[in-house]
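Please read them beside the coordinates.

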Amino acid sequence: MTDQAPNPYAGPQRVLSGVQPTGDLHLGNYLGALVKFVRLQHEMPTFIFVADLHAITEWQDPAKLKGQVREITAAFLATGLDPKVATIFAQSAIPEHAELAWVFDCVARVGWLDRMTQFKDKAGKHKERASVGLYAYPVLQAADILLYKATHVPVGEDQKQHLELTRDIAGKFNHDFERPGFFPLPEPLTQGPGARVMSLRDGQVKMSKSDPSDYSRINLTDDADTIAQKVKKARTDAEPLPEQLEALEGRPEAQNLVAIYAALAGLSPAQVLGEFAGQGFGAFKPKLADLAVSVMGPIGAEMRRLLADPAEIDRILGDGAERARAIATPTMAEVRKIVGFWAG
Ligand code: AQP
């Protein structure tokens, strides 16, 4: 399942990414995804959606889901996405995501999906009890991206394998239907110091919304005291910070806190060590807490302000949906013709 053949896609460049409304956004989502969206919106047409179709691959309370969508939208806006510049919308507003996903379900191979590690992680030991949607999730993700013929996809490192699958699906569709270059082979944009933020409780697992311990993550909505407490309680070791990056090898928790500091301060990890080498965590943690509060505090406050006016958030999502539809509808109409559907 490799697709390294050149692809003669000649359409415009577009950025697309999504975030699931499955809980409070955390520092990993912020550094791995949101800050990149904000930067990219000024470089290329940018489409950012709240992935409520993806969210129901695991049970969501129907009475809360709409509110969760508004919360993620508020996080986008509070982080600096400008709804006049970027197109911000809810996935469920554009039914073509699900329609294209069905076509791609028939393009992708079971063997390809069997290799997806996120399904294995999320389904755990009882994969026969997981929803079919959770298994097919990466195919819907391919549809999300290719419906807009997106060429660049800013995501955290955990999504790299899914992006490879998207490229494989695009390549196979183009090949099977003899339409070279119809879909682009999108590039994952995973670089950056926040590409893989790890849990504050265990430097070997990624920071995640679904981690049962709230102390494993810093949420965008945490207040200053909570952030300080979480940083204080973050797992570390007894060694001081070294001078050289290589000396952090084998110290995943220390490595993680240095990487978080670097990402929040706009420094490289080596520069952080330049500042703190020889100091223990007793000295480093309060500095990290202050930095995290100074960056995240205003975002949380702005989210609360925005969420006080849900009608305005809905207006922004409605406007975004209209702009998203303008791209999605013609793409899906072309796909129907290419596939040969009666209603094409
Ligand atoms: N720890 C992380 N470090 C860097 N980036 C991360 N992302 C998630 N965790 C980290 C990136 O955030 C974006 C949105 O993710 P998502 O909410 O759609 O799904 P996810 O990757 O499944 O996020 P979580 O927090 O781990 O949620 P749960 O616990 O529900 O699975 C993506 O670009 C992702 O790479």
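1. A cavity here is a set of points, on a 1 Å grid over the protein atoms alone, where a 1.4 Å probe fits but cannot get out, whereas a pocket is an open set with protein on both sides within 12 Å along at least five of seven lines; lining residues have an atom within 4 Å of a point. On that basis, the largest cavity is lined by G23, D24, L25, E71, I72, A75, L220, T221 and M303.

2. The model is predicted, so that local features need pLDDT of at least 70 and side-chain atom pairs count only at pLDDT 80 or more, while totals for chains, interfaces and linings use all residues. Residues are numbered from 1 along each chain as its sequence is written, and side-chain values use heavy atoms, with hydrogens and water left out.

3. The structure holds two cavities of 30 Å³ or more, and the largest cavity contains about 50 Å³ of space, a volume being the space filled by probe spheres set on grid points that are joined across faces, edges and corners. Helix α3 (residues 62–79) supplies the largest share of this cavity's lining, three residues, where helices are DSSP runs (H or I, at least four residues) and strands likewise (E, at least two), numbered from the N terminus.

4. The largest pocket holds about 1200 Å³ of space and is lined by 46 residues, with Q118, K122, D158, Q159 and K206 nearest its centre. Its lining divides into 16 nonpolar, 20 polar and ten charged residues, given that Ala, Val, Leu, Ile, Met, Phe, Trp, Tyr, Cys and Pro count as nonpolar, Asp, Glu, Lys and Arg as charged, and the others, Gly among them, as polar. Helix α1 gives the most to this lining, with five residues.

5. The ligand sits in the largest pocket, a placement that requires more than half of its atoms to lie within 2 Å of the pocket's grid points. Around the ligand are 22 residues, of which K122, D158, S208, K209 and S210 are the closest; helix α1 (residues 27–40) contributes the largest share of this shell, four residues.

6. Among the polar contacts (pairs of N or O atoms within 3.5 Å), ligand oxygen atoms lie 2.5 Å from a side-chain N or O atom of S208 and 2.7 Å from one of H26, whereas a ligand nitrogen atom is 2.9 Å from a backbone N or O atom of M207. The protein covers 97% of the 640 Å² of accessible area that the ligand has on its own, as computed by the Shrake-Rupley method with a 1.4 Å probe.

Key
A residue is near a molecule or strand if one of its heavy atoms lies within 4 Å of it. A polar contact is a pair of N or O atoms within 3.5 Å; within protein, one must be able to donate a hydrogen and the other to accept it, and residues adjacent in sequence count only if both atoms are side-chain atoms.
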